[in-house]
Amino acid sequence: MSPALVNLHPEDTLLEENEERTMIDPTSKDDPKFKELVKVLIDWINDVLVEDRIIVKQLEEDLYDGQVLQKLLEKLADCKLNVAEVTQSEIGQKQKLQTVLEAVHDLLRPHGWALPWTVDSIHGKNLVAILHLLVSLATHFRAPIRLPEHVSVQMVVVRKREGLLHSSHVTEELTTTTETMMGRFERDAFDTLFDHAPDKLSLVKKFADGVYLVLLTGLLDDYFVPLHNFYLTPDSFDQKVHNVSFAFELMLDAGLVKPKARPEDVVNLDLKSTLRVLYNLFTKYKNME
């Protein structure tokens, strides 16, 4: 056995001839970006399922049987899956997982994304498969979270050949850039603007807390926005999201097209999203006296 196998669980080394098993290199779990990704996803799940009083503490232990995944998908997709509520047997758990994953595949298939998970990998507590699934769900449903970019893990691939165990390492990419994961592949005038003058656009970050957006929208439509409707000095992420969301509501009331950006994108200093919101205002009021 190579030194890389020393810390593996004994079950991971019990292989048949030519059988292969893949697992995360233990050192990858200590990577700060990997830990951040896991924490962000756990917090997101718990936030979505807060009304169900479900608290996830460890992804592979809490999601493998399909119960939490079922509740998560039903809440996100506003649907009801035809599955048994409680399943204790392995067969019952896998049947539930099969139903849940088929519903997930129906949602994600139009994107043309690779779906690197199976019933067996999820039920087998494969953390990488579970993370791929959650990242895809968060992306599809445009979760109000900021996934850390360029997160990857080292995978140990163990194979038994001629009675001996051989190991190798491969890199598994879990996230790319926020823009790519959100599917914004098209280039437009804003991309060109970024290419030529990225350093001159930092001032729009002043709109990130939503205060200027609210006041500007009212000013352009010639009315005063009561100060009790928004936070004039927001000091938390949620307060800033409230402000930007409120500004979006004012824009809709003024007859503007619904912004493509999410409030969370603006608060997270997504420059291109902010510019698109401002451009909507410009096209509406550019001819006003």
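Which residue takes a positive phi just after α3? In this predicted model, the residue is D78, with a phi of about 55 degrees.

The chain contains 12 helices and three strands. Of its 289 residues, 44% are buried. Among contacts with a separation of 6 or more, 62% are between residues 24 or more positions apart. The accessible surface of the chain amounts to about 16,400 Å², and carbon and sulfur atoms contribute 52% of that area.

Helix α3 spans residues 67-77 and includes K71. The buried residues of α3 are V68, L69, Q70, K71, L72, L73 and E74. Their cover includes α1 (32-48), α2 (59-63), α4 (90-108), α5 (119-123) and α6 (127-140). K71 has a relative accessible area of 18% and is classed as buried because this value is under the 20% cut-off. Apart from neighbours within four places in sequence, K71 is in contact with L49, I54 and E85. E74, another buried residue of α3, has a relative accessibility of 10%. The side chain of E74 forms a salt bridge with that of K80, at an N to O distance of 4.0 Å.

Salt bridges in the model number 10. One of them joins E61 and K125, with the closest N and O atoms 3.0 Å apart. This pair links distant parts of the chain, as E61 belongs to helix α2 and K125 to the loop between α5 and α6, 64 residues apart. Both residues are partly exposed: the relative accessibility is 37% for E61 and 32% for K125.

A further salt bridge is formed by the side chains of R142 and D265, at 3.7 Å from N to O. Here too the pair links distant parts of the chain, 123 residues apart: R142 is in the loop between α6 and β2 (152-161), and D265 is in helix α11 (residues 263-267). R142 is partly exposed at 30% relative accessibility, whereas D265 is buried at 1%. Salt bridges with shared partners also connect E51, D52 and K75 in one network.

Packing between helices was examined for α9 and α12. Two packed helices are described by the angle between their axes and the distance between the axes. The axes of α9 and helix α12 (residues 271-285) come within 11 Å of each other and cross at roughly 10 degrees. Helix α9 is therefore roughly parallel to α12, since angles under 35 degrees fall in that class. On the α9 side, the residues that meet α12 are L213, L216, T217 and L220. Their counterparts in α12 are V277, L278, L281 and Y285. An α-helix has 3.6 residues a turn, so residues three or four places apart point the same way.

Helix α9, which covers residues 211-220, also contains L215. L215 is partly exposed, with a relative accessible area of 35%. Together with Y212, F224, L227 and L232, L215 forms a nonpolar patch on the surface. The accessible area of these residues together is about 520 Å².

Definitions and conventions. Residues are numbered from 1 along each chain as its sequence is written. This is a predicted model: local features need pLDDT of at least 70, side-chain atom pairs count only at pLDDT 80 or more; totals for chains, interfaces and linings use all residues. Side-chain values use heavy atoms; hydrogens and water are left out. Patches are made of residues with over 30% relative accessible area and no salt bridge: like charges are joined within 9 Å, nonpolar side chains (Val, Leu, Ile, Met, Phe, Trp, Tyr) within 5 Å. Accessible areas come from the Shrake-Rupley method with a 1.4 Å probe; for residues, only the protein chains shown count as cover. Helices (H or I, at least four residues) and strands (E, at least two) are DSSP runs, numbered from the N terminus. Buried means under 20% relative accessible area, exposed over 50%, partly exposed in between (1.4 Å probe, protein chains only). Contact means heavy atoms within 4.5 Å. Axes are lines fitted to C-alpha atoms, for helices over the stretch in contact, and angles run from 0 to 180 degrees between N-to-C directions. Angles under 35 degrees count as roughly parallel, over 145 as roughly antiparallel, 65 to 115 as roughly perpendicular and the rest as oblique.
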